Amino acid sequence: MLSSKLGINFTNIWGLLNFLVAKLKVKKQKTYDYTRQVSGQDYVFEPIDDDTKGYMTAQGKGVAVGDFITLQNGAEIYHYQVEQIEYYSHPSDMWTAVLKRVTLAS
């Protein structure tokens with residue numbers, strides 16, 4: 001067998017590759033707090049689907065699918081998760097996203 005002649009253990013190599021790929025895929029979800037921002041000035045949020053989803057446009061680098069956005073409407077605080085996001089080409093930190101309302105575990 002060629003692998004034994006070369007001293008290569010493909011099972012170990014395959015296991016190492018799977019481990020490295022899994023580590024690269026893991027991204028810690030971040031939370032972006034917009035409760036101190038002014039709606040209509042610092043960002044635009046348009047609710048859809050009985051307020052369970054919404055479109056948001058804002059500026060800020062690093063926001064990605066799976067991240068959380070915290071918004072305030074009056075005295076109410078709402079948490080949303082980014083389902084889709086697209087960045088503008090200019091300015092490059094401006095984005096528009098589809099958000100889904102979630103309940104965060106305390």
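This briefing walks through a few side chains, a nonpolar core and some ring pairs in the structure above. Please keep in mind that the model is predicted. Its largest nonpolar core has 13 residues, a search of the whole structure finds 1 salt bridge, and there are 3 aromatic pairs. Let's take these topics in turn.

**The nonpolar core**

- In soluble globular proteins, nonpolar side chains tend to be buried together.
- Here, the largest such core counts 13 residues, and those with the most contacts inside it are Tyr34, Met56, Ile69, Leu71, Trp95 and Leu99.
- Strands E3, E4, E5 and E6 (94-102) are the elements that give two or more residues to this core.
- Strand E6 provides the largest share of the core, with 3 residues.

**The aromatic cluster**

- A pair of aromatic rings is described by the distance of the centres and the angle of the planes.
- Tyrosine 34 sits in the loop between strand E1 (31-33) and strand E2 (43-48), while tryptophan 95 belongs to strand E6, so their pairing ties together parts that are 61 residues apart in sequence.
- Through these ring pairs, Tyr34, Tyr43 and Trp95 are linked into a cluster.
- Tyrosine 34 is buried, with a relative accessible area of 8%, and tyrosine 43 is buried at 4%.
- Tryptophan 95 is buried as well.

**The salt bridge**

- Side chains of opposite charge can pair when their charged atoms come close.
- The 1 salt bridge found in the whole structure joins glutamate 83 and lysine 53, whose closest N and O atoms are 3.1 Å apart.
- Because glutamate 83 lies in strand E5 (residues 76-87) and lysine 53 in strand E3, the pair ties together parts that are 30 residues apart in sequence.
- Glutamate 83 is partly exposed, at 31% relative accessibility, and lysine 53 is partly exposed too, at 24%.

**Aspartate 67, a buried loop residue**

- Aspartate 67 is found in the loop between strand E3 (53-59) and strand E4.
- Aspartate 67 counts as buried because its relative accessibility is 0%, and buried means under 20%.
- The side chain of aspartate 67 reaches two backbone nitrogens: that of lysine 30 at 2.9 Å, and that of alanine 64, also at 2.9 Å.

**Threonine 70 in strand E4**

- Threonine 70 belongs to strand E4, which covers residues 68-73.
- With a relative accessible area of 9%, threonine 70 is buried.
- The side chain of threonine 70 makes a polar contact with the side chain of histidine 79, at 3.3 Å.
- Setting aside neighbours within four places in sequence, threonine 70 touches Thr31, Tyr32, Asp33, Tyr34 and Thr35, together with Ile77, Tyr78 and His79.
- Tyr34, one of these contacts of threonine 70, is also a member of the ring cluster with Tyr43 and Trp95.

Definitions and conventions:
Residues numbered from 1 in each chain as written. Predicted model: local features only at pLDDT ≥ 70, side-chain atom pairs only at ≥ 80, totals over all residues. Heavy atoms only, no water. Helix = DSSP H or I, 4+ residues; strand = E, 2+ residues; numbered from the N terminus. Buried < 20%, exposed > 50% of the residue type's maximum accessible area, 1.4 Å probe, protein only. Polar contact = N/O pair within 3.5 Å; in protein donor to acceptor, adjacent residues only side chain to side chain. Contact = heavy atoms within 4.5 Å. Salt bridge = Lys/Arg side-chain N within 4 Å of Asp/Glu carboxyl O. Core = buried A, V, L, I, M, F, W, Y, C linked by side-chain atoms within 4.5 Å. Phe/Tyr/Trp six-rings, centres within 6.5 Å; stacked < 30°, edge-to-face > 60°.
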